[in-house]
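Dear colleague,

Here is the structure I said I would pass on. My notes on it follow below.

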Amino acid sequence: MFADLYPRLLAYSDITDVDLALLRELSPRMAPAFPGIIDDFYRRALTEPVTRRVLKNADMIARLRQSFLEWLHDLFERPRDSSYVERRLAIGRNHVEVGLPPIFVFSAMGPVRMALETAVLALHDLSDETRRRACRAIHVTLDLDLGLISGSYHEIEKYRDLVDTSPDMIGYCDSAGRIFEANRTLYERLGIRRVDLVQKTLVELSSPESSPQVALLLRGVFDGQRTRAEFRLHAADGEALDVEAIAIPHSDPVTRTIDHGRIYLRDITERRRIARDLLEKQSLVRLGEMAAVVAHEVKNPLAGISGALRVIEESLPPGNPHGPIIEEIVARLLALNETVDDLLLYARPRRPLPILTDLSILIGEAVELIRRDSQFDGIRIGVDAPSMVAAVDPEMLKPVIYNLLVNAAQSLSGIIRSGRDPEIRITLRKQDRLILIDVDDSGPGIPQDHRDRVFEPFFTTKRSGNGLGLSIAYRVVQLHGGRIEVLDSEIEGARLRLTLPEDGPPA
Ligand code: HEM
């Protein structure tokens, strides 16, 4: 683009081929001034701390002096073709790469300009008009050079924007894992201000169980390897982000040692969730098929055995010692039958039939069942459930609420014995178009590493129950387009939060 533009810009500033021919003609007479200009240029550059920092060593300065001399010759001698323009753009890219702030390029040009003008004005054999024309040509061409050289900074701005808007999180980190550069996606996704993020290490940003993977990633990249790892980051609001990280080592061009790692982080939370859901769906289908077979193979014989035992029991004379034993066997067979029913319910639940339902009534009924159950005597149950209507299947949802309450009540059994205050609170509220039902208990809480697992079938830490209650609740709520999660309760124990869309399950 600049190559096409450059001849037009010369014409725009009234520089003609005649002016350029004049510069070419003056070049041999200007050349003696060049070494002084170059000496002055690098003397200044070495006295200012910022410019001194980019001038790494004597070798570089020697190379630069030569390049600068060529640049001055070009200015006077070279045709203004596309390679002239390319050379200027390349100078700019060099400056960007060494981290030279653009303002120093502009500041350095002033003395060069003045020195060239002084050298032209010292050519007394030329007419005033010729010297004026030569000065004007020098000024214009220097301005255009400045424009091209500094254009690279805009180019870099464009790239910065490209990096900032990348869907991947990108950062640079040192060997301690401290982030010192981050693109916008990284700090926005983590909900941390850029200035705060660059103080933190990757380990601090990730979850404790991810520390070994993060350590491996850093070790790999500072050993000079392109390294890949998967771990979990934590956003400021506590949201967990599963990421796939690729770290690429970067070597200092002068010392050739690895000075930092470039870390590319891709958010794979959604991908993992979909994979998990798919796996869950596939295993549910298999479980459903299995449950149907088990139901057929187990339920019928169970019914037959129970019936036969009842007949035997009835034939026993009153007071026969075998009577209670048969009672016990029948009770166990009934429990077994219930487990098979639960398994069927979990593996093959029916579709919810949503109707507009006042959830406060459902909650009231479930609470009443618990209050009437003597095994939960002594538990205080606080209810904060204003009348609230949502499209749910009441037949399916009431057992879910009951189940959450039973679960909370059972977690309090130790507390009842210890004499502490056993308490359950159930609250119902609306947030945007979502219904939230929180069941809090003052029990021992659910440890972090059990929180995802409590919804797995047959996972239980209790002695009673078949470990399917919460799994069924999870499935039913999922079919309603909602979710259940475990949180910390304000009354010290666990909070199970049920979130439901007000408008019912998605079509
Ligand atoms: C009047 C403005 C300037 C001009 C015309 C100029 C010219 C040049 C040229 C011709 C090159 C070589 C580019 C190449 O080989 O492609 C270069 C690179 C460089 N310039 Fe400048 N420069 C200017 C300002 C500065 C300033 C103020 C500094 C501060 C120290 C500086 C430091 C450097 C460095 C460090 C390199 C890279 C050297 C390397 O990687 O070998 N330049 N510049």
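Leaving out its neighbours within four places in sequence, Arg178 is in contact with Tyr172, Cys173, Val198, Gln199, Lys200 and Thr201. Please keep in mind throughout that this is a predicted model. Arg178 sits in the loop between β1 (169–173) and β2 (179–182). Its relative accessibility is 37%, so Arg178 counts as partly exposed. Between the C-alpha atoms of Arg178 and Gly99 there are 21 Å, with the two residues 79 places apart along the chain.

The ligand

Which residues come nearest to the ligand? Out of 21 residues around the ligand, they are Phe41, Arg63, Leu64, Asn94 and His95. Three of these have polar side-chain atoms to report. For Arg63, an N or O atom of the side chain is 2.4 Å from an oxygen atom of the ligand. For Asn94, a polar side-chain atom is 3.0 Å from a ligand oxygen atom. For His95, a polar side-chain atom is 2.9 Å from a nitrogen atom of the ligand. Two or more residues of the shell are given by each of α4 (49–54), α5 (58–77), α6 (82–98) and α7 (102–121). Helix α5 supplies the largest share, six residues. By residue class, the shell holds 15 nonpolar, four polar and two charged residues.

His95 belongs to helix α6.

Ile61 is also in helix α5. Is Ile61 buried or exposed? Its relative accessible area is 16%, which is under the 20% cut-off, so Ile61 counts as buried. Beyond the residues up to four places away in sequence, Ile61 touches Tyr42, Leu46 and Leu55. A separation of 68 Å lies between the C-alpha atoms of Ile61 and Gln478, which are 417 residues apart along the chain.

Cysteines

How many disulfides does the model have? The count comes to zero.

His260 lies in strand β5 (residues 258–267). With a relative accessible area of 7%, His260 is buried. Its side chain is joined to the side chain of Asp259 by a polar contact of 3.3 Å. Not counting residues up to four places away in sequence, His260 touches Tyr172, Cys173, Phe180, Phe222, Ile248, Pro249 and His250.

Glu244 is part of strand β4 (residues 240–251). What is the side chain of Glu244 in polar contact with? The partner is the side chain of Arg228, at 2.9 Å. Glu244 has a relative accessible area of 15%, so it is buried. Apart from neighbours within four places in sequence, the residues in contact with Glu244 are Arg228, Ala229, Glu230, Tyr264, Leu265, Arg266, Ile268 and Arg271. Arg228 is therefore both a contact of Glu244 and its polar partner, given the 3.5 Å limit for a polar contact.

Backbone

Asp14 is not a glycine, yet its phi is positive, at about 65 degrees. Asp14 is in the loop between α1 (2–12) and α2 (17–30). A relative accessible area of 53% makes Asp14 exposed. Glu492, again a residue other than glycine, has a positive phi near 85 degrees. Glu492 is found in the loop between β11 (483–488) and β12 (494–501). Where does Glu492 stand, buried or exposed? At a relative accessible area of 65%, Glu492 is exposed.

Regards

Conventions: Residues are numbered from 1 along each chain as its sequence is written. This is a predicted model: local features need pLDDT of at least 70, side-chain atom pairs count only at pLDDT 80 or more; totals for chains, interfaces and linings use all residues. Side-chain values use heavy atoms; hydrogens and water are left out. A residue is near a molecule or strand if one of its heavy atoms lies within 4 Å of it. A polar contact is a pair of N or O atoms within 3.5 Å; within protein, one must be able to donate a hydrogen and the other to accept it, and residues adjacent in sequence count only if both atoms are side-chain atoms. Helices (H or I, at least four residues) and strands (E, at least two) are DSSP runs, numbered from the N terminus. Ala, Val, Leu, Ile, Met, Phe, Trp, Tyr, Cys and Pro count as nonpolar, Asp, Glu, Lys and Arg as charged, and the others, Gly among them, as polar. A disulfide is a pair of cysteine sulfur atoms within 2.5 Å. Buried means under 20% relative accessible area, exposed over 50%, partly exposed in between (1.4 Å probe, protein chains only). Contact means heavy atoms within 4.5 Å.
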